[in-house]
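Take a look at the chain below.

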Amino acid sequence: MAPRLVVTGASGYIGTRLVERALERGCEVIALGSKPRDSAIATVPWRLGESPRLTAFVGATAVIHLGHDWASDRLNGDGPGNANLVGAELLARTAREAGVTRFVFASTTSARPQALNAYGRIKH
């Protein structure tokens with residue numbers, strides 16, 4: 001049985017390449033949110049800050065969280081209303097409740113408490 005990966009941010013710069021390589025290696029990939037352009041992978045509609053559908057996690061080997069909402073950073077800074085903070089916590093909690101044992105939260109080299117922007121502080 002091939003590993004089944006649930007990927008957020010699958011249509012982004014890193015996500016597109018990750019999906020390509022995962023498919024080349026025989027993984028099944030489900031995009032949670034937007035799928036990469038010209039891709040035939042299954043997609044479950046979702047946006048950061050929303051509760052993901054539990055059905056997205058059925059049989060999943062791992063969740064790889066690459067998604068980020070830049071508009072939320074501009075509107076909310078790194079405060080409690082930021083969809084990136086709330087969304088990542090909600091995503092991880094829902095995946096755990098669905099029985100997914102692996103959660104990969106990809107970050108950036110700017111992830112630190114005193115980062116110059118909300119992106120780095122939220123990722124930290």
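Q: What pattern does the chain follow along the sequence?
A: Reading along the sequence gives β-α-β-β-β-α-α-β-α. That pattern holds four helices and five strands. The model is a predicted one.

Q: What makes a radius of gyration of 14 Å agree with a compact globule?
A: The chain has 124 residues, and a compact globule with that number would have a radius near 14 Å. The chain has 14 Å, so the two agree. Along its principal axes, the C-alpha trace spans about 45 × 30 × 20 Å.

Q: Why is strand 2 called mostly covered?
A: A residue counts as buried under 20% relative accessible area. In strand 2, residues 28–32, four of the five residues are buried. For the chain, 43% of the 124 residues count as buried.

Q: What share of the contacts with a separation of 6 or more joins residues 24 or more positions apart?
A: Such residues account for 56% of them. A contact here means heavy atoms within 4.5 Å.

Q: How far apart are the mean positions of the positive and negative charges?
A: The chain has 15 positive and 10 negative charges, and their mean positions are 2 Å apart.

Key: Residues numbered from 1 in each chain as written. Predicted model: local features only at pLDDT ≥ 70, side-chain atom pairs only at ≥ 80, totals over all residues. Heavy atoms only, no water. Helix = DSSP H or I, 4+ residues; strand = E, 2+ residues; numbered from the N terminus. Rg over C-alpha atoms; globule rule 2.2 N^0.38 Å. Buried < 20%, exposed > 50% of the residue type's maximum accessible area, 1.4 Å probe, protein only. Lys, Arg positive; Asp, Glu negative; His and termini not counted. Charge placed at Lys NZ, Arg CZ, Asp CG, Glu CD.
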